[in-house]
Amino acid sequence: MTGALWQLFFEGLWITVQLMIYSAALAAVVAFGIGLARTSRFWIVRFLSGCYVEFFRGTSALVLMFWLFFALPLLGWQLVGIWAGTLALGLSYGAYGSEIVRGAVQAVAPAQREAAIALSFSPWQRLQKVILPQAVPEMMPPFNNLLIELLKGTALASLLSIGELTFQAKLARLSTGQSAQIYGIILVLYFAVAFVLTRIMRVLERRAKASIGRAVPKGEGWFSRKLPVEKQGPEALATGGKP
Amino acid sequence: MPDILKGLWITVQATIYGSLVSFALGLVWALALRAPSRWVTWPVSIFVEFVRNTPLLVQLFFLFFVLPGWGLAFAPLTTGVIGLGLHYSTYTSEVYRAGIDGVPPGQWEAATALSLPRRRTWTAVILPQAFRRVVPALGNYVIAMFKDTPLLAGITVADMLFQANSISATTFDYLEPITVVGILFVVISYPTSLLLRALERRLVR
């Protein structure tokens with residue numbers, strides 16, 4: 001392994017990270033927008049946002065990405081590779097995220113909403129001061145899972161020949177022929193990024209829960225898969241991993 | 001269109017075989033993670049964590065380019081099934097874990113009270129109850145796997161996306177084939193998920 005090869009990998013890693021940040025930002029916007037729309041009072045808003053979720057969850061992220069990159073230009077709209085990737089990942093993972101948002105919002109105790117109505121808060125105040133501060137900490141663990149899924153999803157962009165990590169590995173393999181080493185190394189690189197992300201999300205989760213006065217039990221090991229005690233059982237079945 | 005339907009058949013095959021592999025391996029991981037010895041649980045948990053947290057596409061490339069080098073030459077579809085099955089087995093192992101944890105402790109105690117041997121406790125008491133709980137969640141992974149099969153096009157499996165690409169390459173028409181493939185995915189996965197929800201209501205009561 002030469003220095004030039006490592007440089008290739010780190011350039012790819014940088015693009016992977018960029019792609020992930022952009023699409024995570026888009027996914028977060030979509031998740032909150034659609035997720036809150038699904039709890040709307042008006043049936044048409046609920047219906048339309050439901051259609052969005054079913055459509056984007058129903059189709060494959062890769063096919064969507066291909067469609068945006070290859071088919072959309074024929075309708076007169078050419079996207080740069082990285083934006084096609086960002087859009088596809090953001091829109092489809094946003095649809096998964098919206099279910100997390102909806103679930104967490106609906107899990108807030110109904111009495112909290114009633115109390116806010118009794119205090120004659122406006123709907124916006126209700127959401128911003130009562131519902132979301134309680135729902136957001138609930139969203140953190142599933143969002144962590146989703147973020148890892150998103151990171152892994154960025155590898156799909158290599159098939160649009162965007163120069164991210166997987167694509168660079170392909171180049172490196174073509175020039176050196178050492179498949180096992182090269183793919184082994186980038187698997188480890190992906191794992192390292194995922195590991196760091198998980199740690200950051202756990203810190204954020206701890207803080208978010210502490211801010212509403214709920215401590216997360218400590219003492220889980222670095223590799224431990226154990227969820228906090230409150231999340232075990234049938235509920236863990238529903239949220240255990242991939243959306 | 002006939003080519004795309006041919007691709008659909010490959011896609012369905014990959015999903016079915018991949019699911020079977022992942023269901024079986026997932027159970028193996030789940031049981032291994034409950035082994036009393038650290039020498040079993042540590043390597044398995046590190047392996048499971050590693051596979052879960054790295055992209056399926058890269059794993060497929062790894063298998064596709066590395067296995068022949070080790071003298072294991074498989075057809076692309078077989079490689080794809082191995083990759084899908086391995087990747088999703090790390091998810092299904094979580095499902096089994098939750099399913100096993102969900103069996104009431106009284107059942108374990110009853111098995112102990114009847115002094116059933118370990119193996120009988122698992123096969124006659126715990127697993128039959130756990131399976132009922134895990135079916136809907138496993139179904140979700142089948143759908144997720146179905147939507148991940150286009151990745152196999154990357155290792156030259158002639159699935160739907162691969163067919164769409166080759167049609168596009170000859171006709172220079174990208175819009176139609178890829179749109180058809182996208183719609184086929186929705187058309188298949190949505191009713192399946194409705195079906196699963198119905199099944200879930202019947203099983204988990």
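A: In this predicted model, the 15 positive and 10 negative charges of chain B have mean positions that lie 15 Å apart. The accessible surface that chain B presents amounts to about 9900 Å², and carbon and sulfur atoms account for 69% of that surface. Of the 205 residues in chain B, 49% are buried.

The fold of chain B is built from eight helices and zero strands, so that, in the counting used here, a helix is a run of at least four residues. Read from the N terminus, the elements of chain B follow the order α-α-α-α-α-α-α-α, and the C-alpha trace of chain B extends over about 70 × 45 × 25 Å along its principal axes. When contacts in chain B between residues at least 6 apart in sequence are considered, 77% of them join residues at least 24 apart.

Just after α8(A), A:Gly213 adopts a positive phi of about 75 degrees.

Over all chains the count of aromatic pairs comes to 23. One of them joins A:Trp6 and A:Phe10, whose ring centres are 6.1 Å apart with 25 degrees between the planes, a stacked arrangement, because planes under 30 degrees apart count as stacked. A:Trp6 and A:Phe10 both belong to helix α1 of chain A (residues 3–37), where a spacing of four residues separates them by about one helical turn. An α-helix has 3.6 residues a turn, and therefore residues three or four places apart point the same way. A:Trp6 is partly exposed, at 31% relative accessibility, and A:Phe10 is likewise partly exposed, at 45%.

The pair of A:Tyr93 and A:Tyr96 is tilted, because the ring centres are 5.9 Å apart and the planes stand at 50 degrees. These tyrosines lie three residues apart in helix α4 of chain A (residues 81–107), again about one helical turn. A:Tyr93 has a relative accessible area of 10% and is therefore buried, and A:Tyr96, at 14%, also counts as buried, the cut-off for burial being under 20%.

Terms used. Residues numbered from 1 in each chain as written. Chains lettered and ligands numbered in written order. Predicted model: local features only at pLDDT ≥ 70, side-chain atom pairs only at ≥ 80, totals over all residues. Heavy atoms only, no water. Helix = DSSP H or I, 4+ residues; strand = E, 2+ residues; numbered from the N terminus. Buried < 20%, exposed > 50% of the residue type's maximum accessible area, 1.4 Å probe, protein only. Contact = heavy atoms within 4.5 Å. Areas by Shrake-Rupley, 256 points an atom, 1.4 Å probe, with all protein chains shown as cover. Lys, Arg positive; Asp, Glu negative; His and termini not counted. Charge placed at Lys NZ, Arg CZ, Asp CG, Glu CD. Phe/Tyr/Trp six-rings, centres within 6.5 Å; stacked < 30°, edge-to-face > 60°.
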